[in-house]
2 protein chains.
Amino acid sequence: MTTSLASGVSCATPLVETDRVQLGHGSGGKMSAALLRDRFMPLLDNPVLRQCADAAVVPVEAGEIAISTDTFVVSPLEFPGGNIGSLAVHGTLNDLAMMGARPKFLTAGFVLEEGLHLDVLDRVVAAMATAALANGVALIAGDTKVVERGRADGLYLNTTGVGLMDGAFRPRPDAVQNGDVLIISGPVACHGMAIMSAREGLEFEAEIRSDSACLVPLVERLRERVGSAVHAMRDPTRGGLASALNELAATSGIGVLLHEGAVVVPPPVAAACEMLGLDPLYVANEGVLVAFVAPDAAPEALAALRSHPLGTRAAVAGHAVSDNPGLVVLRTTIGSRRVVDMLPGDQLPRIC
Amino acid sequence: MTTSLASGVSCATPLVETDRVQLGHGSGGKMSAALLRDRFMPLLDNPVLRQCADAAVVPVEAGEIAISTDTFVVSPLEFPGGNIGSLAVHGTLNDLAMMGARPKFLTAGFVLEEGLHLDVLDRVVAAMATAALANGVALIAGDTKVVERGRADGLYLNTTGVGLMDGAFRPRPDAVQNGDVLIISGPVACHGMAIMSAREGLEFEAEIRSDSACLVPLVERLRERVGSAVHAMRDPTRGGLASALNELAATSGIGVLLHEGAVVVPPPVAAACEMLGLDPLYVANEGVLVAFVAPDAAPEALAALRSHPLGTRAAVAGHAVSDNPGLVVLRTTIGSRRVVDMLPGDQLPRIC
């Protein structure tokens, strides 16, 4: 029932060494195995991944797990402050942390474009490995597909994370309460403007760097010092602070009053936004969290955030109100008020 | 610190109704929310997904979980016997099942190309929902990104699955033992040739349909009737039967003797392979499993597989041997022997 092996090989990609991704790297054959062995395993090696099984098997204790998935299509792949690999790991760990979970396991699914320089892939995988290791997370399963030149844009990367819940600490997007204090952990709009600058080749006075960072240490400090007084958290990524607050307002059925003067935008970032006509409230962040905290715990929560390098500029930026449920209202520095709506569509495509 | 909201809106995608994916659908703003609300939730709705949290939180019992990730880039998106949605769900559930896990949870990460017809997306999501529901699996988290026209090929889809292990049943790719009987659950090469036919617009006498199917029911029957006598399983997808057997031979350090006459290739599939010069042993399957079973349990395992519609043509197709560890040797119908190696690169790109 088989034709000769030679006929099967006749249309196969030749096994030549090059410095670029070839379609054969996605074949499931020897080139796929070599890519895994030579490019991924040296950086990501761990006992579970080494089994090369169809699925990774890991122990869990009884309780609850949190699962989050995110696909990254950021352009360019490398930017000041990170690359798609570190961004993906941070982004997925942050999503788990926002629910109060402690991230434990991570999977990676690559779509590689034929022709991608393998040294770019190496840097992306290295950044993933570093980010995972730094946060005590094991990358335990992966998958690589290759598409023809012109059918992707270098590479796309899905990361899916699994974390373990801790019974007592359960922030939820629908749990914001009237009177809760809104704390923002740091300056906003850096990631989006770093990507825009890199993409458009814009030169500003100071380099704008992405704030891409793992928020787990900040969340751990909140957990330790104020615990269940943290009612809700979110990391304001795609769509920025405005979208994250709108989502929490809608899900919890409360209003949010946001004090413009308390929202920190670094001057170079503000200047870049001004020049490009972009509103920093809608620009993506990748290393900032917003938390709604019970009023009596707010000072301690603020102190907890400020005790970590990522949170030194944490500030109270508003509170939850019973007026205007589902809406975010900005009190501007001159005292006027306006509704901060969600944008209909894109301000900045492919930011993460 | 904010410019006026109007300036932020000025470059946003207008909120118009069209029948195609637009960049704004990936914005994290109103269009993203509408896509989720109108296209995904009606088909996929469940209590966990409805929370719209950063991560899905689900209960687990103490023990072990299995995690598998897979990205699908199949071209075309729809083909006889399925589409990328059903293929992704089946593929991920099958990977979990091959490790003996019972699939429970699934995540989906979409990369959509601007311009994709929304009715194609609807059919893909509907197929995912049907496949998940039919197998008792909940899709609990998802993510959607949109890239510009010409930066993808319709859509790419990552599915990551989580399953629960059952202590007693633990097939592993490194556990094949000398003397184990190799059972193949059904005819091979159907998926790959269905894709090739659809992609190239080839007409054969009979339509070739993908065998895409969830193998969980077959695995359940093996679990119930022969349990731990199943030493290793694999679904021979990308790279086909030859690659899967080579991987098991290498990982377990045994040789595999494969009987050509016992490998079933449906006549239209064999004819298509012959015409295209492809070796069916290397053509992808998406609804077939191979199992290495202890010799005394092999008849019962075969009967268990044959008792399910997916396994009516299950057959003993060889066994594990101590000769030639790491190699797969084919005994042809005329009695000659040849090594069935892994292919270097691609026979058929973008088959899954």
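**View 1. Ala189(A) sits in the loop between β8 and α6 (190–200) of chain A.** The phi angle of Ala189(A) is near 80 degrees, a positive value in a residue other than glycine. Helices and strands in these legends are DSSP runs numbered from the N terminus (helices are H or I with at least four residues, strands are E with at least two). What you're looking at is a predicted model: local features need pLDDT of at least 70, side-chain atom pairs count only at pLDDT 80 or more, and totals for chains, interfaces and linings use all residues. As for bookkeeping, residues are numbered from 1 along each chain as its sequence is written, chains are lettered from A and ligands numbered from 1 in the order in which they are written, and side-chain values use heavy atoms, with hydrogens and water left out.

**View 2. Ser75 and Pro76 are joined by a cis peptide bond in chain A and in chain B.** In chain A, omega for the Ser75(A)–Pro76(A) bond is about 5 degrees, and Pro76(A) falls in the loop between β2 and β3 (78–79) of chain A. Over in chain B, omega for Ser75(B)–Pro76(B) is about 0 degrees. Pro76(B) lies in the loop between β2 and β3 (78–79) of chain B.

**View 3. Glu64(A) and Arg170(A) meet in a salt bridge through their side chains.** The N to O distance here is 2.5 Å. This pair ties together distant parts of the chain: Glu64(A) belongs to strand β2 (residues 63–72) of chain A, while Arg170(A) is in the loop between β7 (155–164) and β8 (181–184), 106 residues apart. A salt bridge is called when a side-chain nitrogen of Lys or Arg is within 4 Å of a carboxyl oxygen of Asp or Glu. Over all chains, the whole structure has 44 of them.

**View 4. Here are the two domains of chain A, domain 1 (19–164) and domain 2 (181–339).** The bounds come from an automatic or database domain assignment. The C-alpha centres of the two domains in chain A are 28 Å apart. Domain 1 puts 20 residues into the contact and domain 2 puts in 23, with contact meaning heavy atoms within 4.5 Å. Together the two domains bury about 1800 Å², and carbon and sulfur atoms give 58% of that. Pro80(A), Asn94(A) and Met98(A) supply 34% of the area domain 1 buries against domain 2, more than any other three residues. (Buried area is the accessible area, with a 1.4 Å probe, that two parts lose on being put together, summed over both.)

**View 5. Arg102(A) and Glu220(A) form a salt bridge, at 3.1 Å from N to O.** The rule finds 1 salt bridge across the interface of domain 1 and domain 2 of chain A. It also finds 8 residue pairs in polar contact there, both residues at pLDDT 80 or more. (A polar contact is a pair of N or O atoms within 3.5 Å; within protein, one must be able to donate a hydrogen and the other to accept it, and residues adjacent in sequence count only if both atoms are side-chain atoms.) On the domain 1 side, the elements giving two or more residues are α4 (84–98) and β5 (102–113) of chain A. Helix α4(A) provides the largest share, 9 residues.

View 6. Strand β2 (residues 63–72) of chain B gives the largest share of the side that touches chain A, with 9 residues. For the interface as a whole, 103 residues of chain B are in contact with 103 residues of chain A. The area buried between the chains is about 8300 Å², with 57% of it from carbon and sulfur atoms.

**View 7. Strand β1 (residues 56–60) of chain A pairs with β2(B) in the antiparallel sense.** The pairing runs over 5 bridges, and two strands pair if DSSP finds at least two bridges between them. Within β2(B), Ile65(B) is the bridge partner of Val58(A).
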